[in-house]
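Please look over the sequence and the model shown here. The report that follows covers charged pairs, a helix and the nonpolar cores.

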Amino acid sequence: MPFEPDRLYHELGYLIAAMPDMTTSQWQTPEGQRWLGQAAALLEQSGSLGDSMEFNVAVNGLSSNPLVPGHTGAVQRMTTVLYRALARAELQASPACSGAFIPVGETFSAFAALSRILSEARNTVMFVDPYADSNLLTDFAVLVPEGVSVRILADAGSKKAAFSPAVRHWVQQYASARPLEARLAPERSLHDRLIIIDEREAWSLGQSFNALATRAPTSLIRADAETASLKIQAHGQAWQTASPIN
């Protein structure tokens, strides 16, 4: 039985965001094989027999050696099928469920999508990114309306060297006009890349902010209410135990 439109759109978005690097052997790992199985099953649930069959044929064309000419073509066919299914699901989904799927190189599209989301904040915005860099502030935190409190949760072992100095310069320049606090969670304890708006809605990103849409396509998906609640609660707890950047 096909999924409800909103659920299908949501599931396809997360699936595409989690697509393994098909130019390496990553797709042959247990995680990669699991992803292929999930993709095939989800396309079956989409209600399109043609998409399901075409995807399975493409998978059979994958090679253990990514340099084999047919491998690249198979990956392109797989990607086309997934994005076609996604576009169809987006047309059927409710407006509240819609998000943004950003092809490689369309960094302005990523900027515009994030700008639209961040402009809706009224009280707080939390950015979660294990690999936070200074551009999270210079390119994205500046899009948050003045007076709205910004929190950034990064990974103590993965954040970039320029991140902490950028936080300190921001606080020194803006003070209470653009309140900002950043904290570091224990090493390897963060996995999501998130934007949490007013502690009521959560958006998941397929990549870190420091390389958004520069080398691979990515997605920006609004979580359903149940998933959002779980993510907000989990990262709120992580925030409480993380170490402040002073």
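## Salt bridges

Asp192 and Lys231 form a salt bridge, with their closest N and O atoms 3.0 Å apart. Asp192 sits in the loop between strand 4 (180-185) and strand 5 (194-197), and Lys231 in helix 8 (residues 225-241), so the pair ties together parts that are 39 residues apart in sequence. Asp192 is partly exposed at 24% relative accessibility, whereas Lys231 is buried at 16%.

This is a predicted model: local features need pLDDT of at least 70, side-chain atom pairs count only at pLDDT 80 or more, and totals for chains, interfaces and linings use all residues. Residues are numbered from 1 along each chain as its sequence is written, and side-chain values use heavy atoms, with hydrogens and water left out.

Some terms need their cut-offs. A salt bridge is a side-chain nitrogen of Lys or Arg within 4 Å of a carboxyl oxygen of Asp or Glu. Buried means under 20% relative accessible area, exposed over 50%, and partly exposed in between (1.4 Å probe, protein chains only). Helices (H or I, at least four residues) and strands (E, at least two) are DSSP runs, numbered from the N terminus.

The whole structure holds 8 salt bridges. Three of them are listed here.

| Pair | Closest N to O distance |
|---|---|
| Asp192 and Lys231 | 3.0 Å |
| Glu201 and Arg200 | 2.8 Å |

Asp51 is buried, at 2% relative accessibility. Arg84 is partly exposed, at 33%. A network of salt bridges links Asp51, Glu54, Arg84 and Arg88.

Glu201 pairs with Arg200. Glu201 is buried at 10% relative accessibility, while Arg200 is partly exposed at 47%. The side chain of Glu201 also makes a polar contact of 3.3 Å with the side chain of Arg222. A polar contact is a pair of N or O atoms within 3.5 Å; within protein, one must be able to donate a hydrogen and the other to accept it, and residues adjacent in sequence count only if both atoms are side-chain atoms. Arg222 belongs to strand 7 (residues 218-222). Arg222 is partly exposed, with 26% relative accessibility.

## Nonpolar cores

A nonpolar core is a set of buried Ala, Val, Leu, Ile, Met, Phe, Trp, Tyr and Cys residues joined through side-chain atoms within 4.5 Å. The largest one has 35 residues, of which Val125, Phe127, Leu137, Ile152, Phe163 and Ile195 touch the most other members. Elements that each supply at least two residues of this core include helix 5 (107-118), strand 2 (124-128), helix 7 (163-174) and strand 6 (201-205). Helix 5 gives the largest share, 5 residues. A second, separate core of 25 residues includes Leu8, Leu15, Leu43 and Leu62.

Contact means heavy atoms within 4.5 Å. Not counting residues up to four places away in sequence, Ile152 touches several residues, among them Phe127, Leu137, Phe163, Arg183 and Trp239.

Arg183 is found in strand 4. Is Arg183 buried or exposed? Arg183 is buried, with a relative accessible area of 15%. A polar contact of 2.9 Å joins its side chain to that of Glu181. Leaving aside neighbours within four places in sequence, the contacts of Arg183 include Ile152, Trp239, Ser243 and Pro244.

## Helix 2

The 16 residues of helix 2 (residues 30-45) should span 22 Å at 1.5 Å a residue; the end C-alpha atoms are 23 Å apart, which agrees. The expected span is 1.5 Å times one less than the number of residues.

Gly32, Trp35, Leu36, Ala39, Ala40, Leu42 and Leu43 are buried in helix 2. They cover an arc of only 165° around the axis, which puts them on the same side of helix 2. The arc is that of the directions from the helix axis to the C-beta atoms. The cover over these buried residues includes helix 1 (5-17), helix 3 and helix 4. On the face turned away from the buried side, helix 2 carries the exposed residues Pro30, Glu31 and Glu44. Just after helix 2, Gly47 takes a positive phi of about 90°.
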